[in-house]
Amino acid sequence: MKLAPFTLHRPGSVGQASRLLAELGDEGAAYCGGTELLLAMKLGLASYEHLVDLKRAVGLRGISAVGPDGGIRIGAATTHREIETSAVLRDRYPEMCAMISRVANLRVRSVGTLGGNLCFADPHSDPASFLMAVDATLVCQRDEATRRVSAGEFLTGPYQTALAPGELLVAVELPIRPERAGISHLRMKLTERPAVTVTAMVTRRGHDVAAARLIVGSVGSVPFAASTADLAGSAGGFAERAAACAEQAAAGCAPLPDGEASPDYLRHLVAVHARQALSEAFAATSAA
């Protein structure tokens, strides 16, 4: 496998990169780690005459806490390995560190980036469902103008995002973690990629379940939020309500016809993993 010749550009700022990509149009693509884009080009699945390397663009890397009890900002060019080992994330969102630690292998995590993973928009991926469950916000920039997009609105289809021409993902913002919030992220691989990813977040207030989210990914074209309205209320009987919610999530998914498994088996996997994720997230609220 050989890469076709291309021209490499190395802008020093996000603004420069954005303007360059706008000028190049469909002939150019941005990359940072390149673990997915360069492989796709080697396989002949993508072709670009110009690549814009973002590694030198200022302000795209790093993980920082926003205030002593606030949220967390993760630069889009932050590697999976940096997320996996971040003390800031381990303190406030240790489940994200654990989730990222299961992505690919150490070599890939050392060069692959969170922003690259999200922008490549492979349907079989872990981070998107997790970020939707915790209600993360994605910061996008075009030239010098920025806008914020919810994690649930960023992915629009297989290998498609809400980014406009010349627009770049610059950061992911995690909100303040609610008190007594439990999170569980589960995945199952049948081949090299996850066939099912499920993230559940349950928040308790007193003896009641105040809120719950259940996100199912890697099955359909984009992750989707299952209906969890019936999960709020008394903690008693939560297991039964969670089981019903998991079955509804399985019935509502639309598996991709990409050969990972039969649609019925994938729905079965969704039901099993959704029920387990909700149970684990609920149990974690006792220790939160």
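Reader: Which residues does Leu 174 touch, not counting those up to four places away in sequence?
Author: In this predicted model, Leu 174 touches Gly 71, Ile 72, Ile 74, Leu 89, Tyr 93, Met 96, Leu 131, Val 134 and Ala 136, with residues up to four places away in sequence left out of the list.

Reader: And which members of the largest nonpolar core touch the most other members?
Author: That core has 34 residues, and the ones touching the most other members are Leu 89, Met 96, Leu 118, Leu 131 and Leu 174.

Reader: Which element gives the largest share of this core?
Author: Helix α8 does, with five residues; the elements that contribute two or more also include β5 (72-75), α5 (94-100), β10 (167-174) and β11 (181-189).

Reader: What does the second, separate core include?
Author: The second core has 28 residues, among them Ala 246, Ala 249, Leu 278 and Ala 281.

Reader: Switching to the open sheet, in what order do its three strands come?
Author: The order is β1-β3-β2, with parallel pairing, and from one strand to the next the twist averages 25 degrees.

Reader: Why is one side of β1 and of β2 left without a neighbour in the sheet?
Author: Because β1 (7-9) and β2 (28-31) stand at the edges, each has a single partner strand. For β2, four bridges make the join to β3 (residues 50-53), and Gly 28 has His 50 in β3 as its bridge partner.

Reader: Which helix lies across β1, β2 and β3?
Author: That is α1 (residues 14-24), which runs at about 170 degrees to β3.

Technical notes: Residues are numbered from 1 along each chain as its sequence is written. This is a predicted model: local features need pLDDT of at least 70, side-chain atom pairs count only at pLDDT 80 or more; totals for chains, interfaces and linings use all residues. Side-chain values use heavy atoms; hydrogens and water are left out. A nonpolar core is a set of buried Ala, Val, Leu, Ile, Met, Phe, Trp, Tyr and Cys residues joined through side-chain atoms within 4.5 Å. Buried means under 20% relative accessible area, exposed over 50%, partly exposed in between (1.4 Å probe, protein chains only). Contact means heavy atoms within 4.5 Å. Two strands pair if DSSP finds at least two bridges between them. Axes are lines fitted to C-alpha atoms, for helices over the stretch in contact, and angles run from 0 to 180 degrees between N-to-C directions.
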